[in-house]
Amino acid sequence: MLTLGILGSGSGSNMQAILDAITVGTLQAKIAIVLSDNPKALILKRAASHGIPHAVIDCEGHKNKFPDYVQIETAEKLKQAGVDLVCLAGFMRLVKAPLLDAFPSKILNIHPSLLPAFPGVAAWAQAVEAKAKETGVTVHVVDSGMDTGPVILQEKLDILPDETADALHKRIQVIEHRIYPLAISQYAHSLNL
Ligand code: GRF
């Protein structure tokens, strides 16, 4: 059985979508562990309410950095839980060598734009500010860059005239919740996981 580990910093709606896809059987997997660098994140409460093992990644006061030794600890927690594929779902720190080397080509991310356009934070707001006509959602394999790894699945979305960043983000999230479980399933099959 495909065993997932989820890393998130925020609301965890993508984690919920993955769980829902598992429940209805469109994704054959289990979530073995949910980890968050934000002790107050809703993603941890969601995990608790579903009885999924969860823990805080303690970055010891580092605001944005993901220190190497913390990445090693994170990799150990994921391995102990038997994880074969790691899914970033709104995880706000850059993953580097210690964690990437522990899970080579086995860390995925979902990003709210049509990469390579608008990498980085609040990509939906970047798209509105740039007066772009379209944006979308990308699921990709994580490498050491910021939102740069090989693309697994993308879906395009037209930006409506005068659409606010918040409204656009809501429509983007509907797509995210549909395509992330699908991309995980496709990618896992392609690797025989
Ligand atoms: C999503 O928009 C995702 O694309 C981005 O961060 C957001 C996380 O949302 N990387 P959630 O925590 O899954 O609700």
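This is a predicted model: local features need pLDDT of at least 70, side-chain atom pairs count only at pLDDT 80 or more; totals for chains, interfaces and linings use all residues.
Residues are numbered from 1 along each chain as its sequence is written. Local features need pLDDT of at least 70, side-chain atom pairs count only at pLDDT 80 or more, totals for chains, interfaces and linings use all residues, and side-chain values use heavy atoms, leaving out hydrogens and water.

Let's start with the fold. The protein has 6 helices and 7 strands (DSSP runs of H or I with at least four residues, and of E with at least two, numbered from the N terminus). Along the sequence they follow the pattern β-α-β-α-β-α-β-α-β-α-β-β-α.

Around it (a heavy atom within 4 Å) are Gly 10, Ser 11, Gly 12, Ser 13, Asn 14, Gly 90, Ile 110, His 111, Pro 112, His 169, Gln 173 and Glu 176. Helix H1 (13-24), strand E5 (107-111) and helix H6 (165-190) each give two or more residues to this shell, and H6 gives the most, with 3 residues.

The table lists polar contacts, that is, pairs of N or O atoms within 3.5 Å.

| Residue | Protein atom | Ligand atom | Distance |
|---|---|---|---|
| Ser 13 | polar side-chain atom | oxygen | 2.5 Å |
| Ile 110 | polar backbone atom | nitrogen | 3.1 Å |
| Glu 176 | side-chain N or O atom | oxygen | 2.4 Å |

Taken alone, the ligand exposes 370 Å², and the protein buries 88% of that (Shrake-Rupley method, 1.4 Å probe).

Methods:
A polar contact is a pair of N or O atoms within 3.5 Å; within protein, one must be able to donate a hydrogen and the other to accept it, and residues adjacent in sequence count only if both atoms are side-chain atoms.
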